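Subject: Structure handover and findings

Hello,

Here is the structure for you to look at. My notes on helix packing and backbone details follow it.

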Amino acid sequence: MNIHITSLLLFALGLGTTITFASSHWLLAWMGLEINTLPMLPLMAQHHHPRAIEATTKYFLTQATAAAVLLFASITNAWLTGQWEIQQMTHPVPATMITLALALKIGLAPLHTWLPEVLQGLDLTTGMILSTWQKLPPFALLLQLPALNQTTLIALPITSTLIGGWGGINQTQLRKILAYSSIAHLSWMILILQFAPSLTLLALIMYITMTLSLFLTFKLNNSTTINSLATTWSKTPAIAAMAPLILLSLGGLPPLTGFAPKWLILQELTKQDLAPTATFAALTALLSLYFYLRLSYTITLTMSPNNLPGTTPWRLPYLQLSLPLSTATMMTLLLLPLTPTITALLNP
């Protein structure tokens with residue numbers, strides 16, 4: 001794709017997100033979501049592959065459905081209460097409809113079925129944008145919504161953490177594994193949303209950092225299946241050493257960065273007398289940890305049978321930027337000691 005067209009699409013992507021961030025009116029928020037969705041379609045379909053076209057179509061239909069439900073719910077709320085403000089959502093029926101619409105947009109279970117299929121049809125760069133940047137506008141609205149539907153905000157994440165862990169166990173495609181990983185992580189953010197929004201923001205920032213580093217690692221290695229990870233050690237030994245740590249950070253093991261949000265969320269849930277919910281979330285996180293360990297095993301302890309004995313006498317010039325990968329990786333591994341500082345900055 002032409003660099004000017006790509007720049008224009010990325011600008012529109014940022015513009016839609018900014019409008020959603022800055023809006024307190026439902027119509028402006030809906031407009032920002034639409035402006036944010038439309039540039040993703042050409043970015044998804046740029047390779048003209050049948051899988052990419054199928055993924056683009058599924059994404060468009062899903063996002064259009066969610067936007068239509070959100071617009072209908074906001075109009076219903078204005079009809080019932082006379083309020084268009086996001087923070088003045090006082091009627092439980094439109095509030096529940098908007099929560100479900102935003103859950104469909106980000107891919108929470110049981111509204112998640114589009115996410116693994118769409119992500120599987122995309123290249124790693126577009127999939128990285130879908131898994132990180134596209135989560136920001138819906139969360140900007142979820143953080144502003146009053147907590148009227150507490151049962152929904154508990155039922156959705158409990159379902160998501162189970163399906164996100166269970167669905168990724170039997171997968172061999174890395175993009176589908178990352179999709180189920182996204183579903184599992186989003187469940188933790190929504191679970192704590194009504195009790196401590198600052199922890200939701202912390203978990204979202206940590207998730208974006210860890211997912212960014214993992215996508216960049218797979219992109220650097222040009223890996224899309226588990227079997228292709230077996231050549232990592234022979235091609236990039238440094239990546240083979242760091243990738244398991246990134247995966248364990250996604251699993252939430254100390255002393256890595258991913259431990260901080262899960263630890264604080266479990267602590268807050270216990271304070272809210274939701275110890276059974278916290279226990280269930282912690283146990284289902286072990287399902288996700290299983291396929292992270294599976295990927296770690298493939299990267300570090302498996303050698304590809306197709307490696308040629310001997311060293312390549314010449315190498316092609318390396319053109320990919322490694323600075324984003326190194327920065328994201330260091331943040332993924334080393335931010336745990338800064339958790340008190342980050343939480344202090346996020347608390348109003």
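H11 passes H14 in a left-handed crossing. Left-handed here means that the near helix is turned anticlockwise from the far one by less than a right angle; right-handed means clockwise. Helices (H or I, at least four residues) are DSSP runs, numbered from the N terminus. This is a predicted model: local features need pLDDT of at least 70, side-chain atom pairs count only at pLDDT 80 or more, and totals for chains, interfaces and linings use all residues. Residues are numbered from 1 along each chain as its sequence is written, and side-chain values use heavy atoms, with hydrogens and water left out.

**H11 and its two partners**

Two packed helices are described by the angle between their axes and the distance between the axes. Helix H11 covers residues 197-221 and helix H14 covers residues 259-271. They pack at an angle of about 160 degrees, with their axes 9 Å apart. That makes H11 roughly antiparallel to H14. The axes are lines fitted to C-alpha atoms over the stretch in contact, and angles run from 0 to 180 degrees between N-to-C directions. Angles under 35 degrees count as roughly parallel, over 145 as roughly antiparallel, 65 to 115 as roughly perpendicular and the rest as oblique.

Which residues meet? From H11 come Leu199, Leu202, Ala203 and Met206; from H14 come Pro261, Leu264, Ile265 and Glu268. Contact means heavy atoms within 4.5 Å. Seven residues of the contact of H11 with H14 are nonpolar, none is polar and one is charged. Ala, Val, Leu, Ile, Met, Phe, Trp, Tyr, Cys and Pro count as nonpolar, Asp, Glu, Lys and Arg as charged, and the others, Gly among them, as polar.

H11 also packs against helix H16 (residues 323-334), at an angle of about 135 degrees and with the axes 8 Å apart. That makes H11 oblique to H16. Their crossing is left-handed. On the H11 side are Thr209, Met210, Leu212, Ser213, Leu216, Thr217 and Leu220. They meet Pro324, Leu325, Ala328, Thr329, Met331 and Thr332 in H16. The contact of H11 with H16 divides into eight nonpolar residues, five polar and no charged.

Helix H5 runs over residues 92-106. Its 15 residues should span 21 Å at 1.5 Å a residue, and its end C-alpha atoms are 21 Å apart, which agrees. The expected span is 1.5 Å times one less than the number of residues.

Which H5 residues are buried? They are Pro94, Ala95, Ile98, Thr99, Ala101, Leu102, Ala103, Leu104, Lys105 and Ile106. Buried means under 20% relative accessible area, exposed over 50%, and partly exposed in between (1.4 Å probe, protein chains only). The buried residues of H5 pack against helices H2 (26-37), H4 (50-81), H6 (114-120), H8 (136-142), H9 (150-167) and H10 (174-191).

H5 and H9 pack at an angle of about 20 degrees, with their axes 10 Å apart. They are therefore roughly parallel to each other. H5 passes H9 in a right-handed crossing. Thr96, Thr99, Leu100 and Ala103 in H5 meet Thr152, Leu153 and Leu156 in H9. The count is four nonpolar, three polar and no charged residues.

**Thr159**

Thr159 lies in H9. With a relative accessible area of 29%, Thr159 is partly exposed. Leaving aside its neighbours within four places in sequence, Thr159 is in contact with Ala109 and Pro110. Ile183 is 24 residues from Thr159 along the chain, and their C-alpha atoms are separated by 9.8 Å.

**Backbone details**

Most residues other than glycine have a negative phi, and most peptide bonds are trans. Some places to check against that:

- Ala109 and Pro110 are joined by a cis peptide bond, with omega about 0 degrees. Pro110 is in the loop between H5 and H6.
- Pro254 and Pro255 are also joined by a cis peptide bond, with omega about 5 degrees. Pro255 is in the loop between helix H13 (237-251) and H14.
- His48 is not a glycine, but has a positive phi of about 55 degrees. His48 sits in the loop between helix H3 (40-44) and H4, and is exposed at 66% relative accessible area.
- Asn222 has a positive phi near 55 degrees. Asn222 lies in the loop between H11 and helix H12 (232-235), and is exposed at 65%.

Best wishes

Technical notes
Helix = DSSP H or I, 4+ residues; strand = E, 2+ residues; numbered from the N terminus.
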